[in-house]
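Me: I'd like to learn how to read the open spaces and the packing in a model like this one. Could you walk me through it?

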Amino acid sequence: MTALDTALTLTGIVLTVALLALLIRRRAFRELPLFTANLCFELFGEIAECAVLYLFPDRYLCFYLITVVLDALLYFCVLAELGRNLLRYNRRASSPQFLAILLFVPAALITFVMAKWTLPAGRSPLSGFYYLLMRAYEILQFAAFLTLAWWSDLQKLRWPERELRVAAGLGIGSVTLLVIAILHTRWAAGPVYHLLDQASVVIYLIVLMYWLHGFWFESSQAQEIPERDAVPARSGAVRHSPTDSKRRFRLA
């Protein structure tokens, strides 16, 4: 780990702690518990990664594989949480699950076609498995976000400011990872490969700062989801509560 890597890691830890404190202050963790849990996982994952790297460097790759799988599961759970919140904000009781599955299939196919799966020569079996797992994670992450965007647009769901902010940050991160994955197939080793990894970390830090700025300056009006479950309005109309935020957006 270079001095720049250490600086980026420490910056990420500081920004994540600040964002978690702000989520608690704004009480946003009550509406976005999985998003908050994902940030906690990222925080403790960074700390544990540094400890394993310095204390058990020979086990670092196995540790990283485990964290990638867990991070992927949490990412998909956060997207599902955003979808659930959208339904409640738009007074929709439910949505056909098969619609999301049908949308995910073409999104994944399109993303797989865009990416390349060439395995660099000279890698050990474990290192090759790690490389392919990272490519699959980056591709499926982008496909899952694309599915959420298509799903919300087809159902004409309005995005509240807070959920839109979280989704925008996740979208920036997923697009960045996909671009990095494609570039990694061209520069599979050497200083450029590591430079691309550092660039992805910088983008993630920018996303953290974007979230910090958004939650810090968000509207003073409460944006909490009503406690009672919504019932679909008749004739396709959408009912709104007086406590709803007036600012609503479309993601796509």
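This is a predicted model: local features need pLDDT of at least 70, side-chain atom pairs count only at pLDDT 80 or more; totals for chains, interfaces and linings use all residues.

Me: Which helix gives the most to the lining of the largest pocket?

Reply: The general idea comes first: rolling a probe the size of a water molecule over the atoms shows where empty space is left. Here, helix 7 gives the most to that lining, with 11 residues. The largest pocket holds about 1500 Å³ of space, and 50 residues line it, with Glu46, Glu49, Tyr64, Ser200 and Val201 nearest its centre. By class, the lining has 25 nonpolar, 16 polar and nine charged residues.

Me: Why does the distance between the end C-alpha atoms of helix 7 agree with its number of residues?

Reply: Because at 1.5 Å a residue, its 26 residues (191-216) should span 38 Å, and the end C-alpha atoms are 37 Å apart.

Me: Which residues of helix 7 are buried, and what covers them?

Reply: Buried means under 20% relative accessible area. The buried residues of helix 7 include Tyr193, Ser200, Trp211 and Phe215. Their cover includes helix 1 (3-25), helix 2 (33-55), helix 5 (125-154) and helix 6 (161-184).

Me: Which residues touch the most other members of the largest nonpolar core?

Reply: Trp211 and Phe215 do, in a core of 36 residues. Helix 1 supplies the largest share of this core, seven residues. Beyond its sequence neighbours within four places, Phe215 is in contact with residues including Leu19, Leu22, Leu23 and Arg165.

Technical notes: Residues are numbered from 1 along each chain as its sequence is written. Side-chain values use heavy atoms; hydrogens and water are left out. Helices (H or I, at least four residues) and strands (E, at least two) are DSSP runs, numbered from the N terminus. The expected span of a helix is 1.5 Å times one less than its number of residues. Buried means under 20% relative accessible area, exposed over 50%, partly exposed in between (1.4 Å probe, protein chains only). Contact means heavy atoms within 4.5 Å. A nonpolar core is a set of buried Ala, Val, Leu, Ile, Met, Phe, Trp, Tyr and Cys residues joined through side-chain atoms within 4.5 Å. On a 1 Å grid over the protein atoms alone, a cavity is a set of points where a 1.4 Å probe fits but cannot get out, and a pocket is an open set with protein on both sides within 12 Å along at least five of seven lines; lining residues have an atom within 4 Å of a point. Grid points are joined across faces, edges and corners, and a volume is the space filled by probe spheres set on the points. Ala, Val, Leu, Ile, Met, Phe, Trp, Tyr, Cys and Pro count as nonpolar, Asp, Glu, Lys and Arg as charged, and the others, Gly among them, as polar.
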